[in-house]
Amino acid sequence: MSKTPQAYGSHWPIICYIRSMASNGNILAIDIGGSHIKGNILNPKGEEQIKYSKLDTPGQATPAAVVQTVLQLVKNMPEYEKISVGFPGYVRNGIVFTAPNLGSQHWKQIDLGQMISDALRKPVRLVNDADQLGLGVVSGKGLELAVTLGTGVGTACLIDGILLPHLELAHHPIRKDEDYDDYVGEKAMKKEGKEKWNKRVARVLEILKTVFNYDRLYLGGGNASVLTIPLDDNIHLFTNEDGIKGGAKLWDLPDAHHISTSYPK
C-alpha cells in the first residue's frame with residue numbers, strides 16, 4: 001500500500017519533486033572529454049535542471065575506467081529517463097571506432113553506448129561530442145558547421161538542423177605531417193604561443209569556408225576564449241553551456257544509419 005502525503009510530513013514536497021523528475025522525460029546529458037567528464041540533467045526542452053558536475057577523465061581512459069567515472073559522476077543526481085552521451089572520437093550507432101585523445105588502442109569498435117546503458121539501466125544515445133554540442137547551438141536553417149577547439153578539434157555538420165554522418169575532419173592532413181588536431185589542438189597552442197595559434201585557426205577557418213560554403217559556423221570549446229582574430233559575420237562563438245541543449249535535441253532525431261538507441265540488456 002502506498003503512503004499518504006501525511007505520512008511523509010515535511011518531506012512530501014521533496015518526494016513530489018523527485019517523482020516529477022522521474023516521470024517527465026528528463027535526460028542525463030554526459031560530455032566525455034580529454035580532460036573532464038561532465039554531466040547534467042535536462043528537461044525535454046534542453047533546460048538545465050541542476051548545476052552540471054564534472055570529474056577528471058581517468059589518466060588511463062579505458063572503456064571500463066570511463067564507465068566507472070560516469071557511474072561515480074551521476075550517483076547523486078536526480079532521476080532521469082534516458083541518457084545522451086557525447087564522446088571525443090568517431091562514433092556510429094553508439095559504437096566507438098577511434099578516440100585519439102583518450103588512446104585509440106583502447107577504443108576499437110567498443111560498444112560504449114551499450115556499456116553505459118547496461119551500467120545505468122536506461123536507454124542511451126551516444127554520438128560524437130561535437131555533434132551533440134552542434135545540435136544545441138545551430139539555428140536549424142541551412143548548412144551549418146560547429147567546430148570545437150579544445151584538447152583536439154571537433155566538428156559537426158548539420159543541414160536544416162539534421163545531424164549529418166560524422167566526419168573526422170580533425171584528422172584530415174593540413175600539412176605534410178600534421179592534421180588539424182596537431183595544427184590547432186591544445187598542444188599546438190602551448191607550443192607555438194597564442195599569437196601564432198590564432199593565425200593557424202584563421203587559416204583553418206578559411207579552408208572550411210572554401211570547402212563547405214556554409215551558411216553559418218559556430219566556434220566553441222575551451223580554447224575558443226583565446227581567440228583574438230576577427231571573425232566573419234556568419235561565425236558565432238558559443239560555450240559548452242550554450243550547447244547543452246544538444247543532449248535533449250539528440251532524442252528528437254529519428255534512429256538513422258549513424259544514430260541508434262541502446263537499451264539495457
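**Entry 1**

I looked up Asp 255 and found it partly exposed, because its relative accessibility is 49%. My cut-offs are under 20% relative accessible area for buried, over 50% for exposed and in between for partly exposed, with a 1.4 Å probe and protein chains only. I am working on a predicted model, where local features need pLDDT of at least 70, side-chain atom pairs count only at pLDDT 80 or more, and totals for chains, interfaces and linings use all residues. Residues are numbered from 1 along each chain as its sequence is written, and side-chain values use heavy atoms, with hydrogens and water left out.

Which side chain meets Asp 255 in a salt bridge? I found Arg 125, at 2.5 Å, N to O. I call it a salt bridge when a side-chain nitrogen of Lys or Arg is within 4 Å of a carboxyl oxygen of Asp or Glu. The pair links distant parts of the chain, 130 residues apart: Asp 255 is in the segment after helix H9 (246–249), and Arg 125 is in strand E7 (residues 124–128). Helices (H or I, at least four residues) and strands (E, at least two) are DSSP runs, numbered from the N terminus. Arg 125 counts as buried, because its relative accessibility is 5%.

Lys 209 forms one of them with Asp 232, their closest N and O atoms being 3.1 Å apart. Lys 209 sits in helix H8 and Asp 232 in the loop between strand E13 (216–220) and strand E14 (235–237), so this pair ties together parts 23 residues apart in sequence. I also saw Glu 192 and Lys 196 meet in a salt bridge at 3.1 Å, N to O. Glu 192, Lys 196 and Arg 200 are linked in a network.

**Entry 1: Lys 194**

Is Lys 194 buried or exposed? I noted it as exposed, because its relative accessibility is 54%. Lys 194 lies in helix H8 (residues 194–212). Leaving aside neighbours within four places in sequence, I found Lys 194 in contact (heavy atoms within 4.5 Å) with Met 189 and Val 226.

**Entry 2: helix H3**

I checked the buried residues of H3, which are Pro 63, Val 66, Val 67, Thr 69, Val 70, Leu 73 and Val 74. Seen down the helix axis, they fall within an arc of 160° (taken from the directions from the axis to the C-beta atoms), so they line one face of H3. They pack against strand E1 (27–32), strand E2 (36–42), strand E3 (53–56) and helix H4 (112–120).
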